[in-house]
Amino acid sequence: MRPLTEQETQTLFKKLADYTGPSLKNLIAPLDNTPNADRYVFRLSGQNRVYYVLLSLANIATSISRDKLLSLGVCIGKFTKTGKFRMHITALPVIAPHARHKIWIRPNGVMPFLYGSNVVKAHVGRYSEDCPEHQGVVVYSMEDTPLGFGVTARSTIEARRLDPTGIVCFRQADCGEYLRDEDALFSTG
Amino acid sequence: MAPSKTRTIKNKNAGPKKTDDEKPKSSKSSAGRKGPVNATQLKEKNRALLLKKPKRKTYTDTELNIPKLNMITPVGVVKPKGKKKGKVFVDDKEAMTTIMSLVQAEKEGQIESKMTKARQLEEIRQARKEEAAKKEEERKTKLENVKESLRKKRKRGPADKDDDNVKGASSAGTKAGKPSKRKSVSFA
């Protein structure tokens, strides 16, 4: 595992900033005010996966050889071969507390979403105001449980005029992937 | 050591120069008898020197004591020879925060511009909608007016000539009246 280069860090932060607001900087803030306080860092594994991990843990992990170390901390996503960053569902606990725009879906829309379909207007309980088109959003159930994330298909104003079957949000990741993509999600090969 | 070496070699190469220095000395000390002899010898030497290419020593820039500003590679650029470039990692807190704030500012701007654009488009759409509604309203009122005028004309009285005309026209249009001539088909 190695730290990210400047280019990689920029790509990663750009992706994270799609979903989160200004509180994103709390992700890398030190845990307390002491001079040598522990903080979270990002580490890149051999499979191009990025992990969000405590610095102290990352330092300890250097004692394990590269090919033997399979996973460490929380997997945020992976870099594609073209240099873009693709977020995994495992990043949801990291981005959900800092989400900028949110969509809450009704109980009748939860299962369709968890099975991998996009969010339609009829299933939306409420959504954040002033959300532009093609903006990253975190999808919640009406009980405020984060279910996944996606990208808005229409802006909030346009979505109001949409018919009930019209797509409001394109799904990117949902919690159902923990079961559906169990083999691929944590694969190390 | 290096400067002394260079001096000796330089002297070797610049043989004729040395002789030039000696030349006036000899001319001063003795008569012009020795002069021409020396000259011939020198010429031969020169010829030999010209024929045989001297081995030139190559110097490194450190050996030559060149002032640093006068070097081929600028002073600021240090290129370690035979070393891999490698990746520059960003792991310190300050650098990460800087990158994050830069990215966030950029994103903020993008979202803001998107929102303003969306609002403008919405305004335009609203204006168009209102305009269309207004036109529709105008058309409707116009139609109503025509209808009203027609109704008034009809109410004026059935004896009027104009009314008859209107009746005739309307009957022709709606097939309400009786046809004047009935078409018949005869079978022989």
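This is a predicted model: local features need pLDDT of at least 70, side-chain atom pairs count only at pLDDT 80 or more; totals for chains, interfaces and linings use all residues.

Reader: Okay, how many residues does helix 1 of chain A have, and how far does it reach?

Author: Helix 1 of chain A covers residues 6–19, which makes 14 residues, and from its first C-alpha to its last it reaches 21 Å, close to the 20 Å expected at 1.5 Å a residue.

Reader: And which residues of that helix are buried?

Author: In helix 1 of chain A the buried residues include A:L12, A:F13 and A:L16, and A:E8 and A:T9 are also among them.

Reader: Switching to strands, what does strand 3 of chain A pair with?

Author: Strand 2 of chain A, residues 40–44, pairs with strand 3 in the antiparallel sense over five bridges, and strand 3 is also joined by four bridges to strand 4, residues 74–79, again running antiparallel. If you want residues to look for, A:V41 stands opposite A:V53 in strand 3, while A:Y51 stands opposite A:C75 in strand 4.

Reader: Why is strand 3 of chain A said to be largely enclosed?

Author: Strand 3 of chain A runs over residues 49–54, and five of its six residues are buried, so it is largely enclosed by the rest of the structure.

Reader: What about the hairpin of strand 2 and strand 3 of chain A, what phi does A:N48 take there?

Author: That hairpin has four residues between the strands, and A:N48 takes a positive phi near 65 degrees in it. Most residues other than glycine have a negative phi.

Reader: Which other residues have a positive phi, and where are they?

Author: One is A:H134, with phi near 55 degrees, in the loop between strand 8 and strand 9 of chain A. Another is A:D144, with phi near 65 degrees, in the loop between strand 9 and strand 10 of chain A.

Reader: Last topic: how much space lies in the largest cavity, and what lines it?

Author: About 70 Å³ of space lies in the largest cavity, and its lining includes A:K102, A:Y127, A:C131 and A:R154. Strand 6 and helix 5 of chain A each supply at least two residues of that lining, which by class has six nonpolar, four polar and two charged residues.

Notes: Residues are numbered from 1 along each chain as its sequence is written. Chains are lettered from A and ligands numbered from 1 in the order in which they are written. Side-chain values use heavy atoms; hydrogens and water are left out. The expected span of a helix is 1.5 Å times one less than its number of residues. Buried means under 20% relative accessible area, exposed over 50%, partly exposed in between (1.4 Å probe, protein chains only). Two strands pair if DSSP finds at least two bridges between them. On a 1 Å grid over the protein atoms alone, a cavity is a set of points where a 1.4 Å probe fits but cannot get out, and a pocket is an open set with protein on both sides within 12 Å along at least five of seven lines; lining residues have an atom within 4 Å of a point. Grid points are joined across faces, edges and corners, and a volume is the space filled by probe spheres set on the points. Ala, Val, Leu, Ile, Met, Phe, Trp, Tyr, Cys and Pro count as nonpolar, Asp, Glu, Lys and Arg as charged, and the others, Gly among them, as polar.
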